[in-house]
Amino acid sequence: MNGANVSIDDLVDLLGRWASGRGPLYLLLAARFRALVDDGVLPPGTPLPPDRTLARRLAVGRGTVVAAYDLLQQEGRVTRRQGSGTRVAPLELPASRSADSVRANPLLLHILQPPDGVSLLTCASPDRPPAVLAEAYEEAVGRLAGIRDLGYQPAGNPELREAVAAYYRGRGLPTTAEEILVTTGAQQALTLLSGLLLAPGDTVLTQSPTYPGALEVFRHAAAVVRPVALTAPASGSGPAPDLAAALRERPSLVYTVPTASNPTGATLPAGERRRLARLTGEHDVPIIDDEVCAELCFSGETPPPVASYARGEQVITIASLSKVVWGGLRVGWVRAPAPLVSRLARLRAVHDLGGEVLGQVAAAALLRRLPEIRPARVRELRDGHDHLCAELAARLPSWSFEPATGGQTIWVRIPRGDVDAFAQVALRHGVAVPPGRSFDPLGGHAEYMRLHFLFPREELSRAVAGLAAAWDAYDGTRGPATRPPLVV
């Protein structure tokens, strides 16, 4: 796709007051470009001005433009090649328009406009509501007559806040309802926390690979996201610095998915959780413990949250019912010190005055039935996991992966080429896969992909057959980075 030619005068107008925020100029410039690309204002293939030319027009040093372009290249939003300059990266799938001619955000393409006849291994979330959800809503409807409230509840429905607090107390973590904020899914929890805790230029430490939705939130806040190794250093140091060393650089936040991780399905051992809580406490750095998949451990036991090991109040826990029940139930929460919850509630009130009450009352009913819901869900996932692993071992023996300890996904490595290029071949064979660099804050892990095991056995087998056919057709070349759809 050639894209549109945008004059430098028009581009400067589109950038607007990009430098008016706080933080390093290159982050502010990259953030504005990111918005223009993601909103489709700068379509795929659009050439961007040379570094020196744009720097002169913006009255900044060339290094500012180079750093902004390099960051966008790491994210897969632009491509840079000697001789052909810098261009907006192509999409993984052709962009299309809806009936009202509004261009879809390319990062949401697979969610807003699912392609026909393609097995979507990009979105790891249940594809149908369970029967228990309808039962919970029936119970919630029956309880509406007893509610005497305006319905505007920025901190969340009181019944659900108490149910979430009781859930944590049941896991051995003393919690009151005042320490709970209900959100529209865990994604809103991340967005609110980012808005409250981060300023442009602040550093966020994350595992790599990690949940890409969190990376997008932190980038939107113009934060600098750095990979870090959470486990204690071994004899050979890896590509990411150890947590203890990274914390000495005074980051603003640590984000981790320690239980049934998205994307690897791995779980951090108790000793490493204790070390994580101790080190962040010693440096007084807040840490977000993302427990969205925590109830999906194949062992049947949910490990204690990181906050259980903390002596201070620096650990913030977020979770939702989107994976254990259904993504369409947009209910999540934050567990944090009461003063922070109060500040988050005031921030949320500015945005939407609070969530829809009926769904929250239904969520409270679901939490009370969690001991009944979880085992059946875990059995289903374990069966899908084992079937996918067996199919991959039989049809694609050269691919490598570690079996998951829980969750919904495994992390798979191909032996040659990169997944950006392979994903294009896979699409032609009816399978959409998310490239690994979407899960890396620096755009690495190009030879990896995340595969979920949520489909029924027959559909998983068809998807692996499509991947095997695509692998036979793939010549191992490494392609230019594309912008993959946002994956969950």
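Biologist: Why is Phe 453 called buried?

Modeller: Buried means under 20% relative accessible area, exposed means over 50%, and partly exposed is what's in between (1.4 Å probe, protein chains only). Phe 453 has a relative accessible area of 1%, so it counts as buried. One heads-up: this is a predicted model, where local features need pLDDT of at least 70 and side-chain atom pairs count only at pLDDT 80 or more, while totals for chains, interfaces and linings use all residues. Residues are numbered from 1 along each chain as its sequence is written, and side-chain values use heavy atoms, with hydrogens and water left out.

Biologist: What about Phe 298, buried or exposed?

Modeller: Its relative accessible area is 13%, so Phe 298 is buried.

Biologist: And Asp 38, how do you know whether that one is buried or exposed?

Modeller: Set its 8% against the cut-off, and Asp 38 is buried as well. Asp 38 sits in helix 2 (residues 25-38); helices here are DSSP runs (H or I, at least four residues), as are strands (E, at least two), numbered from the N terminus.

Biologist: What makes the link between the side chains of Asp 38 and Arg 77 a polar contact?

Modeller: You need a pair of N or O atoms within 3.5 Å; within protein, one must be able to donate a hydrogen and the other to accept it, and residues adjacent in sequence count only if both atoms are side-chain atoms. For Asp 38 and Arg 77 the distance is 2.9 Å.

Biologist: On to rings. How many aromatic pairs are there?

Modeller: The count is 12. Phe, Tyr and Trp rings (for Trp, the six-membered one) pair if their centres lie within 6.5 Å; planes under 30 degrees apart are stacked, over 60 edge-to-face, the rest tilted.

Biologist: Why is the Tyr 167 and Tyr 168 pair called edge-to-face?

Modeller: Their ring centres are 4.9 Å apart and the planes meet at 65 degrees, so edge-to-face it is. Tyr 167 and Tyr 168 are both buried, too.

Biologist: What makes Phe 298 and Phe 453 a tilted pair?

Modeller: They're 6.2 Å centre to centre, with 55 degrees between the planes. The two residues are 155 residues apart in the chain.

Biologist: How do you know that Arg 416 lies over the face of Trp 471?

Modeller: The rule wants NZ of Lys or CZ of Arg within 6 Å of the ring centre and within 35 degrees of the ring normal. Arg 416 lies over that face at 4.4 Å from the ring centre. Trp 471 also joins Trp 399, Phe 422 and Tyr 474 in a cluster linked by ring pairs.
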